[in-house]
Amino acid sequence: MNAIQLKNELHIIESKIKQDIMNFHQHVMSANRDILFYEQTIYEKMMTYLLMMNKKEMSPEAFKEMLEMVMQGREEKWHMVRYYAENADSYSIFNVIVYLKRIWPQYKKLHRQLKRLRAKLIDDLRELKTLIEQIKAKPKQNKRTMQALETLYDLHYQTLEALTIELGTIDFRKYIEYMFIGDVTISKNEFLSLLNLDRSKRSQETIRNLPERIDRDTFLDAVFVDKIEDEWNDTFGEMIFDSVMIAKDRDPELRQRMLDKIDEIFEGKLPMMKATYDEYLQPVKIERMKPKLRLVKK
């Protein structure tokens, strides 16, 4: 690669990677604004529901005092909370749950877009690695090649820095479980009306055997274990799985317990792989992890 080729190649890759980094940052900022709005709206609806539950059990004076405490500092945003608290006798938890279902596709789309943009940046790292290796392989290094390497290493740093950024997440399962706060249950018909049901014989049998009143555990088992939702539109099952994965990523002990449970269920027969990456996030080694030894009873 002569000097002109190097200059052109450097210009092309620098322009491309800077654009990819800018697109990534713009998406993160825009998506995080949307996710913050979603969670603030969920929280507002949730607080309205919890307040209205307490309204039935409290004197008007005590309820008004609690309302003012809740509203402190939130008057500009929580118009809905005050309106319902002062003018209504009840507020359905289904206002929260239906909103969760409505925003779920938009929420997941934002995260899928982030994954695509992250994949582009990882591809950029691969291009950087190739060009850096080509330059370093030149028998003679001069001022121009050293400046080119400096530019490429700077792009490498900027790309890695961008890849450390994550989008905000919402623990949807937490809000689903609020539906059953205390000893609250919902009817079987109410429960089924929330779902896009699977029409298979197995799911229909499970649905027929559901109790007339659905509590939290029955809800979670039906959508996450028995999977009675349509496999192409399993909104609540996806929500629960997503929350479990978020918890796993944030809690090393939980992650290890999950791995141990998988190992126990499959008796070490499920292959577990470990990947080692270089500084450009390219896999340099993939090896199978050794299964745990078990004591075999005679």
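Where does I170 lie?

**Entry 1: I170**

I am working from a predicted model. I looked up I170 and found it in the loop between α5 (143-163) and α6 (172-177).

I then listed what I170 touches, leaving aside neighbours within four places in sequence. The contacts are I35, Y38, E39, I42, Y107, Y175, D242 and I246. I picked Y38 from that list and checked the distance: I170 and Y38 are 132 residues apart in sequence, and their C-alpha atoms are 8.7 Å apart in space.

**Entry 2: the whole protein**

I stepped back to count elements. The protein has 11 helices and 4 strands. It has 298 residues, and 35% of them count as buried. I also looked at contacts between residues at least 6 apart in sequence, and 71% of these join residues at least 24 apart.

**Entry 3: α4 and α10**

Two of the residues that I170 touches, Y107 and D242, turned up again here. Y107 is in α4 and D242 is in α10, and both belong to the contact of these helices. I noted that two packed helices are described by the angle between their axes and the distance between the axes.

Helix α4 covers residues 94-136 and helix α10 covers residues 235-250; they pack at about 70°, with axes 10 Å apart. That angle makes α4 roughly perpendicular to α10, since roughly perpendicular runs from 65 to 115 degrees. The crossing of the two is left-handed.

Which residues of α4 meet α10? I wrote down I97, L100, K101, W104, Y107 and K108 on the α4 side. The α10 side gives T235, F236, E238, M239, D242 and I246. Sorted by class, this contact has 7 nonpolar, 1 polar and 4 charged residues.

**Entry 4: α1 with α2**

I moved on to α1, which spans residues 3-55. The axes of α1 and helix α2 (residues 60-71) come within 10 Å and cross at roughly 165°. An angle over 145 degrees counts as roughly antiparallel, and α1 is therefore roughly antiparallel to α2. Their crossing is right-handed.

From α1, the contact uses M47, L51, N54 and K55; from α2, it uses F63, M66, L67 and V70. By class I have 6 nonpolar, 1 polar and 1 charged residues in the contact of α1 with α2.

**Entry 5: α1 with α3**

How are α1 and α3 oriented to each other, roughly parallel or roughly antiparallel? Helix α3 (residues 79-87) packs against α1 at an angle of about 20°, with the axes 9 Å apart. Angles under 35 degrees count as roughly parallel, so α1 and α3 are roughly parallel to each other. α1 passes α3 in a right-handed crossing.

On the α1 side I found E44, K45, T48, L51, M52 and K55. They meet H79, M80, V81, Y84, A85 and E86 of α3. This contact of α1 with α3 has 6 nonpolar, 2 polar and 4 charged residues. L51 and K55 are in this contact and also in the contact with α2.

In soluble globular proteins, nonpolar side chains tend to be buried together. I looked for such groups here. The largest nonpolar core has 65 residues, and L152, F191, F219, I228 and F236 touch the most other members. The elements that give two or more residues to this core are α1, α4, α5, α6, α7 (188-194), α9 (216-225) and α10. Of these, α4 gives the most, with 17 residues.

A second, separate core has 10 residues, including M66, M71, V81 and A85.

I went back to L152 for its contacts. Not counting residues up to four places away in sequence, L152 touches L10, I13, L128, L131, I132 and I135.

**Entry 6: two single residues**

S187 is in strand β1 (residues 186-187). Its relative accessibility is 17%; buried means under 20%, so S187 counts as buried. Apart from neighbours within four places in sequence, S187 is in contact with E212, R213 and I214.

K227 is in the loop between α9 and α10. Its phi is positive, about 55°, although K227 is not a glycine. At 48% relative accessibility, K227 counts as partly exposed.

Note on methods. Residues are numbered from 1 along each chain as its sequence is written. This is a predicted model: local features need pLDDT of at least 70, side-chain atom pairs count only at pLDDT 80 or more; totals for chains, interfaces and linings use all residues. Side-chain values use heavy atoms; hydrogens and water are left out. Buried means under 20% relative accessible area, exposed over 50%, partly exposed in between (1.4 Å probe, protein chains only). Contact means heavy atoms within 4.5 Å. Axes are lines fitted to C-alpha atoms, for helices over the stretch in contact, and angles run from 0 to 180 degrees between N-to-C directions. A crossing is left-handed if the near helix is turned anticlockwise from the far one by less than a right angle, and right-handed if clockwise. Ala, Val, Leu, Ile, Met, Phe, Trp, Tyr, Cys and Pro count as nonpolar, Asp, Glu, Lys and Arg as charged, and the others, Gly among them, as polar. A nonpolar core is a set of buried Ala, Val, Leu, Ile, Met, Phe, Trp, Tyr and Cys residues joined through side-chain atoms within 4.5 Å.
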